[in-house]
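The following exercises are to be worked with the sequence and the three-dimensional model at hand. Each task is followed by a stepwise solution.

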Amino acid sequence: MSRKSLAALAIVLTASAGLAEPQHGIAMYGEPALPPDFEHLPYVNPDAPKGGTLVEGGRGTFDSLNPFIQRGNAPYGARAHVAESLLGRNWDEPFSLYGLLAESVEMSEDRDWIEFHLNPEARFSDGSPVTVEDVIWSFETLGEQGHGRYRSGWAGVTGYEQTGERSIRFDTTGESRELPLILGLRPILKKADWDGVDFTESSLRPFIASGPYTIGDFEPGRYIEFDRDPDYWAADLPFNVGRHNLDTIRYEFFGDSEAVWQAFTSGETSYYVEYSAARWDEQYDFPAVERGDVVKSEVPHERPSGMAGLVFNTRQDIFSDIRVRDAMLHLFNFEFINQRLNAGQPQRIQSYFDNSDLGFQGEASEAEAALLEPYMDDLPEDVLGAYELPMGTDDLRNRRNVRAAQQLLTEAGWTLQDGVLRNEAGEPFEFEVLISSSANEAVTAIYAEALQQLGIQMNVSLVDSAQYAERLDTYDYDMIAHTWGLSLSPGTEQINYWGSENVEATGSRNYAGVNSPAVDAMIEAMLGSTSPEELQAATRALDRVLTTGRYAIPFWFDPIVRVAHKDELHYPEENLPIYGYWIGFMPDVWWVEEE
C-alpha cells in the first residue's frame, strides 16, 4: 500500500463538535481529505473534452431496467449511469463521501443520526426538482421492497423526519458506524414517476432519475445505450468536473467470453479487460494493434485482492467437513495451473484481504488473538499461526500434496475403492462445479483431471447468465467459480458475504454458506471500530477465520489491470486513484479525442 493510501487510512478519528454542523463531506475515519473549496477530484482531467461513444462488450443478457429489486436481470449501467445518491464517493480515499444531491451533511459524533441538506439546484432529468418527499419515498421503498442490499441497511434506521424545506434526518441504532455513510449512497428516485407502478415487478420501463445519463435506445438481451443528459443539473459541481465525458455509453451483450473477445478484435467494441497475462503477451498481435488503432494500457491499483477462485458450498454435505475442503485445496496444483495458463506471471491470492494492510500477516497480533480467543474451540487449529496455502509442483502429479489430501480424506471417511473414492455408505465422491463463463473452463478442466488421481469425479456445468444467477440465488450448486471484490474500508457488505443470517436467506452473497459465530463477531467488531487500528485488527482477524476456514480455493491476482482500448480513448495516467481501474474510473473519467 502506498504512503498516500496509508496516510488516508491512518487519520485518527477526531473529537468533533464540528460534525454537528453542516459539512461538505464525511469520512469513515477522521476528516475527508479534500477541503471544502476543492475544484475537482484528484484523479480526473478537468479539461477533458466532452463527446464520443464508448461501446462495452458484455457477456450475458438483460431482461429488466429495474436494478433496484431482486427480480430480473438489469444492466449495470441502469444504476451506475442513471441514478445518483445524496453523496458521492472519492475513490482516492478508503471511504470518504462528498456532497452531490445533498449540498451538505451533518452527523453526530456517535453516528446515531445523520442529516442531509438537499442542493436547491438538484433536478431530475425531466427538469423537476429533487425534494425531501422523493428522498423519503426512495428510502422507504428501497428499504421495504428493494433488493436485499437495501433492506439490510434500512433495518438499522430507527426513525426519520423532515427538518427543513430541503433537509431530512435519519436516526440509526448507532451499532454500525458505517451505516450513516451507506445511507448517503442510496439511489434517489422520483416518487411521481412510480405512481401506479408496482416497484417489485421486473420491467423494461425506463425510469426517471437525476444522474448524468438517461436510458436511450435498447433491445432486450442485445444492447442498451445511455445518453449523456445535456441539461444535467450537476455537470459543473466540483465533484463532477472532468467526469461523465462520453456522449453515449453503449453495452453490447454476447453469449460467452470468446464472443466478447472476438467482438473487440474485430473493432465492434471499444475496450477489453484482459485477465490472462499469457494472452496479453502472446495474442495481442491482431491488425488493430499493429496499426496502432488499439493501445495496451496497464493500470495499477492498491485495493485488496479480494477472493477469486472456486467456492465450496458448505451447505452441501459433501463439503461440510473442513478436512475435505483442505484436501481439495491440496489437490489444486496452483503452480502447475498458473504456469500452464498464465506463463506463471500473476501471484496467488493468499487471503481475502491480500495486497493490503488489512490482510493477516504471519502470526496473530495480540489484538487479533484477543478478538478470536472466545471462539477458539470452534476455529481451525492454525487460525492464529502463519498459515500458508499448500505449495504445489510444476507437474500435474503433485505427489506430496496428493498424499496429504488422501490422508485428510481418509480421516473424513472417504477411501479409494476400485479406483473410485467412496464414503462409508459406498457413495462416490462426485460433485458439480457451476460456471457461467468459458474463461473458467481451462482451469476447471485441469483441476478435474487432477482430482481423478484420487477417484473424484468433478462435473463442470457451463450455463447462461440467467440460469447461473437463479441457481446462485437459491444456492443450488456444489461449487462455483466466483470473485468477491473487497475494499480498503470493509463494512456492512461483509454481512451479506459471510454473515450467518444469510446462510438460508435467498439472494445473499454468502455463496460459501459461512456459518460461524467468530465471523459474525469479527464483522461486528469491524463495524464498531472507531480507529484505523481497530479496523485493521478486526479485519485481519476476519481474514484469518475465512482463509483458514478453507471456504474457497484461491486463484490469482495482479496489482495491475490490463486493458486494451481504442487509441481515441484516454484516461488521466498521472493521478490514478488508489482503487485503480475498476470503480469510479472506467468509464467515469475517460474521454474521447477524435482526429
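A residue counts as buried when its relative accessible area is under 20%, and as exposed when that area is over 50%. The model is predicted.

**Exercise 1.** Determine whether Y213 is buried or exposed, and describe its surroundings.

*Solution.*
Step 1. Y213 belongs to strand β9, which comprises residues 213–219.
Step 2. The relative accessibility of Y213 is 3%; because the cut-off for burial is under 20%, Y213 counts as buried.
Step 3. Beyond its neighbours within four places in sequence, Y213 has contacts that include H81, V82, F226, R228 and H244.
Step 4. L246 is also among these contacts, and its backbone oxygen lies 2.6 Å from a polar atom of the Y213 side chain.
Step 5. Y232 is 19 residues from Y213 in sequence, and the C-alpha atoms of the two are 7.9 Å apart.

**Exercise 2.** State which residues of helix α6 are buried and which elements they pack against.

*Solution.*
Step 1. Within α6 (residues 257–265), the buried residues are S257, V260, W261, A263 and F264.
Step 2. Viewed down the helix axis, these residues fall within an arc of 160°, so they line one face of α6.
Step 3. In general, an α-helix has 3.6 residues a turn, so residues three or four places apart point the same way.
Step 4. The buried residues of α6 pack against several strands, among them β2 (53–59), β11 (248–254) and β23 (560–566), and also against helix α7 (277–282).
Step 5. At the N-terminal end, D256 caps α6 through a side-chain oxygen 3.2 Å from the backbone nitrogen of E258. Just after the helix, G267 has a positive phi of about 90°.

**Exercise 3.** Carry out the corresponding analysis for helix α14 (residues 465–473).

*Solution.*
Step 1. The buried residues are S465, Y468, R471 and L472.
Step 2. The arc that they cover around the axis is only 130°, which places them on the same side of α14.
Step 3. Their packing partners are β18 (430–435) and β20 (479–484).
Step 4. D464 caps the N-terminal end, with a side-chain oxygen 3.2 Å from the backbone nitrogen of A466. Y475, which follows α14, has a positive phi near 60°.

**Exercise 4.** Characterise the second largest pocket by its volume and its lining.

*Solution.*
Step 1. The space in this pocket amounts to about 330 Å³.
Step 2. Its lining consists of 19 residues, of which R325, D378, N515, S516 and Y551 lie nearest the centre.
Step 3. Helices α9 (322–331) and α16 (517–527) each give two or more residues to the lining.
Step 4. By class, the lining residues are 10 nonpolar, 6 polar and 3 charged.

Terms used: Residues numbered from 1 in each chain as written. Predicted model: local features only at pLDDT ≥ 70, side-chain atom pairs only at ≥ 80, totals over all residues. Heavy atoms only, no water. Buried < 20%, exposed > 50% of the residue type's maximum accessible area, 1.4 Å probe, protein only. Helix = DSSP H or I, 4+ residues; strand = E, 2+ residues; numbered from the N terminus. Arc of directions from axis to C-beta. Contact = heavy atoms within 4.5 Å. Polar contact = N/O pair within 3.5 Å; in protein donor to acceptor, adjacent residues only side chain to side chain. 1 Å grid on protein atoms, 1.4 Å probe; cavity = no way out; pocket = protein on both sides within 12 Å on 5 of 7 lines; lining within 4 Å. Points joined across faces, edges and corners; volume = space filled by probe spheres on them. Nonpolar A, V, L, I, M, F, W, Y, C, P; charged D, E, K, R; others polar.
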